[in-house]
Amino acid sequence: MKGWRKWSWILIALFIVSMLSYPNYEGDIHGWPINFVISVGICVLYLIIYTFYIKGRLNRKD
Amino acid sequence: MSPRVLVTVYFFAYLAITLFLGWLGRRHMRGATLQEYYTAGKSLGPWLSLASYAATNFSAFTFLGSVGMYYSQGLGYASLALGEMFFLGILFPTVGYKIWKFSRHPEVVTLTDIVARRYQEDHLVRVLFALANIVFMFFLMGVQVVGISYVIEKVTGGIIPYTAAAFTVAVVLIVYQGLGGMRGVAYTDVLQLCLLSLTLVSVLVTIFISFDVSAVFQRLAVSDKAALLSAPGPEGIWNSTYWVTSFIALGFGWFLWPHLWARIIASKEKRSMWVIPVGTIVGKTLFLVIIAPLVAFVAADLWPTVEALAGYKPDQIIIRFMFDYMPIPLAGLMLAGVAAAAMSTVDSLSLVLSSIAFHDLYERPFGTKLTEAQRTKWARMVTALFPAVATLIALRPPALIVGLVVDTSYAAFTALAPAVILGFYWPRATTQGARWSISLGLIAAIVIIGWWHNPFGLNVYNAFWTLVISTVVLVSVSLITRPVPQDVLRYFGLSQSRVDEKMH
């Protein structure tokens, strides 16, 4: 599987997780609210993976 | 020197520098052509394009409004940031890349040119698309002028009153846009982005120096503000249906805002197509996902009621936060950053709306023949009109119409999304389909937001209805009407013959 395709599957999974993240983590406070930490974590992970993905994808285009 | 006087000095210094940058943009212009004025000759490098896109994206609403929204509605508001960010990631290398690629044609000035070409140069599609952009973005521009004037009056302690602030900003905008066009605006965007970035980092550092954030969360969790931290929030809005539908609709609607696609068209290199989204996602994560909620929750802990805000409104919390917790010289500079956020949006909006009004609604439909010098002269005059009229509206806003139009801004652009996106990917999308999809989508947006709130009691975000309706209309009408000719499809890489060639 080409590099950018592999990243796109991971991004799709992250996209679905982020879309469903907030309502599924109601009211858990352990120092910081877990839903807030998850949102930030997803964003940072998304950013890192996306950087690899988009470079690969645009290199592929004519 | 008192803090208020210091802020006033900073503000005028900032205006002087923007005027200088507008003049610099004029010096660097490559000829007096319409393309140069509106799109900087499609020659902006990746980093300049990123600075321009990011600064334009950070509006007064982002800076002031998002903190107020987290303060009132709680963490559920992160749906906007996450939806915009994830859809930016998806739409930039796909739809964004296509916009960039098809805008390389020398006659393309606006996205409307590309959409009209896809739908057989249909005048109705062109006019509907152009009018939707102007109507639904113009009042948003007026709101930004209100935002800037509001901030300037507040932070200068009335040294510059609201009306004077509105006029001053309008005059400066008109001068530097007139001088440098898109190139001048892009240069000022770099300054505005530097100020904004400095502001964001300073606010984040201040939060961690001045507060024990864990203790803030622990106190909020056991107070009557605990609902801020969990679904569906204190106002009961953010249930799972509303979250998911707003996530999708906000992402689609926002991507097609005209001041944002104008940056794609102005970009010179393909490399911009990854520099812009990655940089924008960094900015959105930093401010909308981390800083804005942290400021809002610290504020909810410090000032739990509107009365405790002592004269500040929820969307002015970040101003009070800066004055109370940052060294005054730094706070003054940061507050100039707030004004920069709003100005960078207004200048970009007025330039792109002018290009749509002049090029899409006048030049193209009427087939006007003007010399390049005449076109540029007219473009400058039309561009000056937008901030001037927006300022007049900001002085006496007709509340109902403005409120309705601003509320429909996201919804209106989701009504345009199917015609653009399916137009690039679905060969069967027809001109009739685009006409009906845009028209009925816009009508649905106005009806649902203005009168028929929460249709069928499903708690679906209003712009999601618009997206569904315009998509269903586009698909249904396209399937029963005549396909667009093969030569058009071939131009967009959609013809069956090309698919067959690829398969063999």
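How many helices and strands does chain B have?

## Overall make-up of chain B

In this predicted model, chain B has 20 helices and 0 strands. The C-alpha atoms of chain B occupy a box of roughly 65 × 55 × 45 Å along the principal axes. A compact globule of 504 residues would have a radius of gyration near 23 Å, and chain B agrees with this because its own value is 23 Å.

Of the 504 residues of chain B, 58% count as buried. Contacts between residues at least 6 apart in sequence are made up, to 85%, of pairs at least 24 apart.

## Nonpolar core

The largest nonpolar core contains 198 residues. Within this core, the residues with the most contacts are V295(B), A296(B), A339(B) and L416(B). Leaving aside residues up to four places away in sequence, A296(B) touches V67(B), Y70(B), Y71(B) and I317(B).

## Side facing chain A

Contact between the two chains involves 33 residues of chain B and 27 residues of chain A. On the chain B side, four helices each supply at least two residues: α5 (78-102), α9 (213-221), α10 (240-255) and α12 (272-302). The largest share comes from α12(B), with 10 residues.

By residue class, the side of chain B that touches chain A divides into 23 nonpolar, 9 polar and 1 charged.

## The loop between α9 and α10

P232(B) lies in the loop that joins α9 and α10 of chain B. Is P232(B) buried or exposed? P232(B) has 20 C-beta neighbours inside 10 Å and therefore counts as buried; the cut-off for a buried residue is 20 or more.

Not counting residues up to four places away in sequence, P232(B) touches G76(B), I237(B), W238(B) and N239(B). W243(B) is 11 residues from P232(B) along the chain, and the C-alpha atoms of the two are separated by 9.1 Å.

## Helix α18

Helix α18 of chain B covers residues 462-480, 19 residues in total. At 1.5 Å a residue it should span 27 Å; the end C-alpha atoms of α18 are 28 Å apart, so the span agrees with expectation.

Key
Residues numbered from 1 in each chain as written. Chains lettered and ligands numbered in written order. Predicted model: local features only at pLDDT ≥ 70, side-chain atom pairs only at ≥ 80, totals over all residues. Contact = placed C-beta atoms within 7 Å. Nonpolar A, V, L, I, M, F, W, Y, C, P; charged D, E, K, R; others polar. Rg over C-alpha atoms; globule rule 2.2 N^0.38 Å. Buried ≥ 20, exposed ≤ 12 C-beta atoms within 10 Å, placed from the backbone. Core = buried A, V, L, I, M, F, W, Y, C linked by C-beta atoms within 7 Å. Expected span 1.5 Å × (residues − 1).
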